[in-house]
Amino acid sequence: MMRLSQHIRRLLTALAVSILATAVEGDVIPYSGAEVAKNIAVFRIEDGGIRLELEIYPEDLEVFERAFQLKLVTEPLTTPANFPQPTSEKPLSMRIARADGKPLPFDVMRVERRQRVDRASPFAGMTDPLTGRPIPGPPENPEVVYLEAFYSFEGARPETLIIHPPYSDDGSPAASVGFMVFDRAVPVTRFSFLKTDMQLTIDWADPWYSAITNPNFNRSAQDGTLSFLYVAPRELRHEILIRVRDLAPWIGQELTTGSRLDSAHQSQILAAALEEFKARNPLSISSETIASASVRGRFLKIGERGFQVVEGSPTLVADTTFVGVILTYPISELPTTASINWDMFDDTIQKVPITLTDIAGPFFAWASPDEPIVTWTNHLKRYNNPEVTPVQAASIIVVPLWIVLAAVLSVGAGVIVFRSSKTLKWIGVMALSTMSLFAGIAFSGAHTIPILNPISGKSDTQIVTSAFSRLLTNTYVAALEVFPEERKLALAPIVIDTSLVDVAAELETSLTIRVPGGGRAQIVDVTDVVIVEGDITRRGQFEGVVQWRVDARAGHWGHDHRRRVEYRARVEFQPDRGNWVLTAITVLEARSPDV
């Protein structure tokens, strides 16, 4: 019953950690504040026109009533069929025009009161590590007036359009508007402020290549194929992101604009992609080509906040869907060089950005048909290969067992001497002396007893905190190993033999922090180790509840994932042959204070 209870608890804790690890999965896109501007305009290009979804902040309602030349809110709200349409023929302030300046006619389809769409960062108010500025939050009033309008192409699809924001009479922006453009589900831009006229070029053959003329407003991911080499302790990882439409010719698929991928089609594409990448773009370590130890993949889609790992099996649109591939190459130490020989080039893939990342940071390069090989060179001069090391129990005195027995016998002898007749005294002393001699011979060098050092100068709490902190740090070093069996072997110096399997299982299920795509985050710091309850015996054994905090980091598909997790666990450890060793650890709770 106890074993079953532990397995259930371990499963639930692992699920909690998994949820924490995937709570924030977006691309690393700095928050500009446009996504939480008072007014939000989302333009969606369709075959017959452009659909505008506009969230109007109540204070700016008059601006947009003038822009659209109609009363947006009445009591009760006007039904769509009865919306008063503009009668003036002069250009509207909020308009979309063709390249020759002719505005597209529009119809207002809907007006209603709503709550604004929550696009705020979960870390609003905190400092953005990329910009150094506070991450902006949304306006205090969550209510908006939602307007949906459709601008018609009138049967003639344009190649170029100009989006005009609402202007004041003096030519300045009449309101703060954050905007984003989608072309048939593909995000063309990132969220930006609409302060001036924007020229949009539409690629009707493939919406991926539609763009705003000013490149500063376009989405961060412009390439349909990206390559990443991660150099980390114990492994090299070659990770690839490739758009399904760019991958299609390499796996015998034909996909066009708007193609939809159901669950069966997704499985077929992913299986073919993994087989293809096993043999493609070979990696060499110190000039020797090696095969990957494992290859896995996931689907990703690109949206408002960049790449998102697809969960479940929803129907996907080929234009916005990527295959993410991860090839793993185990290493015992960092190599001198590592090279990718990119060999997938065709009419679409002509230049592939490759990011090389080690502990010193990312380095950027390009692979092309003329220069297909990109090499990482080890320039790290102060790198120490992390290894699991025994944790010495400096606060413990190891006493040979024969000395303890001799002391006990000596006490017994003293009792006999002082309490017995003269004859019995000598008999008792001779007998106990003989027993002490044989005890010393029998146990010398073979058996010891650990006891707390009474003159160590440390309190019991200090001893427990220091010992567990060092054990925990070594546990996370063991977690760097690529394969479960190797992680179990790495734990051997800090875990008692009889508990090795159970502690390794807890490391796998509850102490490992996962990132999108299934990778493991590396623990960069262990802090705030606190003894919640429990005592240490004079023999140095501890059993109780401990809590601590870890900061973890993982580079993955070009994203810098950071996690902070707080743990509570029931812990048991003891001295063994002069070192501290774990005998049990069961995670009771894992939570992220930032989510």
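User: Which residues does S499 touch, not counting residues up to four places away in sequence?

Analyst: This is a predicted model, in which local features need pLDDT of at least 70, side-chain atom pairs count only at pLDDT 80 or more, and totals for chains, interfaces and linings use all residues. Residues are numbered from 1 along each chain as its sequence is written, and side-chain values use heavy atoms, with hydrogens and water left out. S499 lies in the loop between α8 (484–490) and α9; helices (H or I, at least four residues) and strands (E, at least two) are DSSP runs numbered from the N terminus. With contact meaning heavy atoms within 4.5 Å, the residues touched by S499 are L582 and T583.

User: Is S499 buried or exposed?

Analyst: Buried means under 20% relative accessible area, exposed over 50%, and partly exposed in between (1.4 Å probe, protein chains only). The relative accessible area of S499 is 10%, so this residue is buried.

User: What does the side chain of S499 reach at 2.5 Å?

Analyst: T583 is one of the residues that S499 touches. At 2.5 Å, the side chain of S499 reaches the backbone oxygen of T583.

User: Which are the edge strands of the open sheet of 4 strands?

Analyst: Two strands pair if DSSP finds at least two bridges between them. The order in this open sheet is β16-β15-β21-β24, with antiparallel pairing. Pairing on one side only marks the edge strands, β16 (288–290) and β24 (373–377).

User: In β24, what is the bridge partner of N341?

Analyst: Strand β21 (residues 337–341) pairs with β24 in the antiparallel sense over 5 bridges. In β24, the partner of N341 is I373.

User: How many contacts does the model have for residues 76–92 beyond four places in sequence?

Analyst: pLDDT is the predictor's confidence in each residue, from 0 to 100, and the chain has a mean of 83. Over residues 76–92 the pLDDT stays under 50. Where pLDDT is low, the predicted coordinates should not be read in detail. For this stretch, the number of contacts in the model is 25.

Terms used
Polar contact = N/O pair within 3.5 Å; in protein donor to acceptor, adjacent residues only side chain to side chain.
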